[in-house]
Amino acid sequence: MSKKLLEVNDLKINFKTYAGIVQAVRGVSFELYEGETLAIVGESGSGKSVTSNSIMKLIPQPPGIYAGGEILFDGRDLVPLSEKEMAKVRGNDIAMIFQDPMTALNPTMRVGRQITEVILKHNKNVSNAEAKERAIKLLDLVGIPMPEKRFRQFPHEFSGGMRQRVVIAIALAADPKLLIADEPTTALDVTIQAQILELMKDIQKKSNTSIIFITHDLGVVANVADRVAVMYAGQIVEYGTVNDIFYNPRHPYTWGLLGSMPDLKNNVKEELRTIPGSPPDLIHPPKGDAFAARNEYAMAIDYEQEPPMFKISDTHYAKTWLLHPDAPEVPIPDQVQQRIDGYLKEAEENGK
Amino acid sequence: MLKYILKRLGYILIALYLIVTATFFLMQLAPGSPFASERDFPPQIEAQLNAKYGLDNPWYIQYKDYLIDTVTFDFGESMKYKGRSTNDMITESFPISLTLGIEAMLLSVGFGILLGVIAALYHNKFPDYLASTIAVLGISVPSFILAGLMQYFIAFKLDLLPVSGWKGFQYSILPAFAIAITHMGFIAKLTRSSMLEQSSSDYVKMARAKGLGKWTTVFKHTLRNALLPVVTYLGPLTAGVVTGSFIIEQIFAIPGLGKHFVTSITNRDYTVIMGTTVFYSIILLFAVLIVDILYSVIDPRIKLKGAKK
């Protein structure tokens, strides 16, 4: 097994608002090994972006508060670090790819300088000419044609997909060990999405970078991730390898997510399933299991006591009372099972 | 670029023509004459004076004469101050107003942007409240009150700077401050709100994610994008400030251009009115042109119409 790069233990992030304290992240723990891709999925407001931003300490404080937990990067806890120490980590050890490439680049600065800026900041003995050379190489690496010419252009002269490539080039500029991609393909159209995902996989293979991939698109997850963490209401509710999550999901929320993914191949006439209700108010998180109110399999205990993480296998954990030995057997809903069978069939065909 | 500038120069000429025409007819409509404030003349003398300045001609002849004067930039002799040409009056007093104006501009832009940036960086903290308070005070306290207070405390009580007059650099400090303070407040407010708007955008977060420090991010990324509204304000500000302020020049006894704008009108000094109006218009129109060119320098997304790369 390769080296452990990142370990997040019981991380809690709160936000102070006029209405009260919002508990955006409520005790998240996960780990990430070198060269591995972890996908964090969940609906809007589940705390996935806050988790990823908090690893880089990009949460503005105030209103953000680190209410507890630790973020061990290479064995060092990032939470108590000062802004100055964090500045050395950002961009250098951990880099970030943003969701919307249309706004992530400074509109009034040449693309080249936005890349060399990172190189020069983190390598004190690199000259301007060397930095430029490296930036052009990076532009070439991320698949931008005519990098010398592009180096001197402004962001508005690039298309959306090309801008996202520039953003990736910036993220790669200082050879980070960890890349956090916050919905990097959400703002792009589908063909460009596939290209960007390909590019990221390619880069990971070359440089053995670890990636945290935030998304709400399960199709993307199946494509890129090694492991998946499903988040709901500021907590990880199910955690496992891609195969665990897609072929053997155990949490009713994961079933709901899988079921609400439009399936174009297996059953054309099927109606799109949705998860009823809406996420809970995180100013006053509900007692017991946060998902209980939307869970058709909820039991009395779900409203009383928060479930612990049940271990299903060495790699697979889920936070639901349904896994308790005393709980009744609840079979996976038919439609979700159909989906899973479909995936298995597809995987078999691809394997041949 | 050249094509764009030439086109804009054409527009400036049209604008000037309209301004000159409007001014002329407004002067014609206003009652009174340049000689009304003198002791009672015998009618013959008044007729002679009118003949001398061409005021007895029908309006279209006068209009033609004014247009010719304007085109040749020779506005003729002042009707009030005998023997002094309008051109001389402007060339004598404009350098004084210009010096004072440039000092005031530097002060208001420099301190305004600085205050605005500090306020935005420490949003809703003590430095923000302090900077915003200074800005609001600057905007709301009239310049003549501030001028009087500064003259009394700084010049008279503490004896640090001269009270009034125009004999060197130290004479310009107090009046420059008095002119600058309102504009400074306004620029600070503009910068603050524009900085706050930019600070929440993705590229600023990205700059932080690159590991850039707080101030590096501001100076390299946020400020340039935040300055567009400030630049817009600079055009009219420049024209207004470099042509002098009637009130401040009166209070500090500065022989600047500002007073001519006001006194020429109360005196019905037609040639001087026309001269100062045309002069002010030219400065304003060119300041606006320069601002428009500055836009495209600051923000590459703004392409000047008709400009080629």
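B:F73 sits in the loop between α3 (59-72) and α4 (86-121) of chain B; helices here are DSSP runs of H or I with at least four residues, strands are runs of E with at least two, and both are numbered from the N terminus. Though not a glycine, B:F73 has a positive phi of about 55°. This is a predicted model, so local features need pLDDT of at least 70, side-chain atom pairs count only at pLDDT 80 or more, and totals for chains, interfaces and linings use all residues. Residue numbers start from 1 along each chain as its sequence is written, while chains are lettered from A and ligands numbered from 1 in the order in which they are written.

- B:F73 comes out as partly exposed, because 13 other C-beta atoms lie within 10 Å; the cut-offs are 20 or more for buried, 12 or fewer for exposed and partly exposed in between, with C-beta atoms placed from the backbone.
- B:D159 is another non-glycine with a positive phi, this one about 60°.
- Look for B:D159 in the loop between α6 (143-157) and α7 (169-199) of chain B.
- B:D159 counts as exposed because it has 9 C-beta neighbours inside 10 Å.

**What the record says about chain B**

- An unreviewed UniProt entry lists "transmembrane region" at residues 9-30, 96-122, 134-156, 168-188, 230-252 and 272-298 of chain B; UniProt positions are given in the numbering used here, feature names are shortened, and annotations may be inferred rather than shown by experiment.
- In the model, residues 96-122 of chain B are 96% helix and 0% strand, with the end C-alpha atoms 39 Å apart.
- Residues 230-252 of chain B come to 83% helix and 0% strand, and their end C-alpha atoms are 29 Å apart.
- From UniProt (unreviewed entry) there is also "domain: ABC transmembrane type-1", placed at residues 94-295 of chain B.
- That stretch, residues 94-295 of chain B, is 82% helix and 0% strand, with 28 Å between its end C-alpha atoms.

**Chain A overall**

- Chain A has twelve helices and twelve strands.
- Its C-alpha trace spans about 70 × 50 × 40 Å along the principal axes.
- Of the 352 residues in chain A, 43% count as buried.
- Among contacts in chain A with a separation of 6 or more, 66% come from residues 24 or more positions apart; a contact is two residues whose C-beta atoms, placed from the backbone, lie within 7 Å.

**Sheets in chain A**

- One open sheet of eight strands runs β6-β7-β8-β3-β9-β10-β12-β11 in chain A, with mixed pairing; two strands pair if DSSP finds at least two bridges between them.
- Its edge strands are β6 (94-97) and β11 (310-311) of chain A, each pairing on one side only.
- β11(A) runs antiparallel to β12 (residues 317-318) of chain A, and two bridges join them.
- Within that pair, A:F310 stands opposite A:A318 in β12(A).
- Another open sheet has four strands in the order β2-β1-β4-β5 (chain A), with antiparallel pairing.
- Here β2 (20-33) and β5 (76-77) of chain A are the edge strands, and each pairs on one side only.
- Eight bridges tie β1 (residues 4-17) to β4 (residues 64-73) of chain A, running antiparallel.
- A:L6 has A:F73 as its bridge partner in β4(A).

**Nonpolar cores**

- The largest nonpolar core has 92 residues, and A:A169, A:I212 and A:V230 have the most contacts inside it; such a core is a set of buried Ala, Val, Leu, Ile, Met, Phe, Trp, Tyr and Cys residues joined through C-beta atoms within 7 Å.
- Helix α7 (residues 160-172) of chain A gives the most to this core, with eight residues.
- Leaving out residues up to four places away in sequence, A:V230 touches residues including A:V41, A:I236, A:Y253 and A:L257.
- A second, separate core of 40 residues includes B:A120, B:L146, B:V230 and B:L234.

**Where the chains meet**

- Chain A puts 24 residues into the contact and chain B puts in 18.
- On the chain A side, α2 (83-89), β6, α3 (101-104) and α4 (111-122) each supply at least two residues.
- α4(A) gives the most to that side, with four residues.
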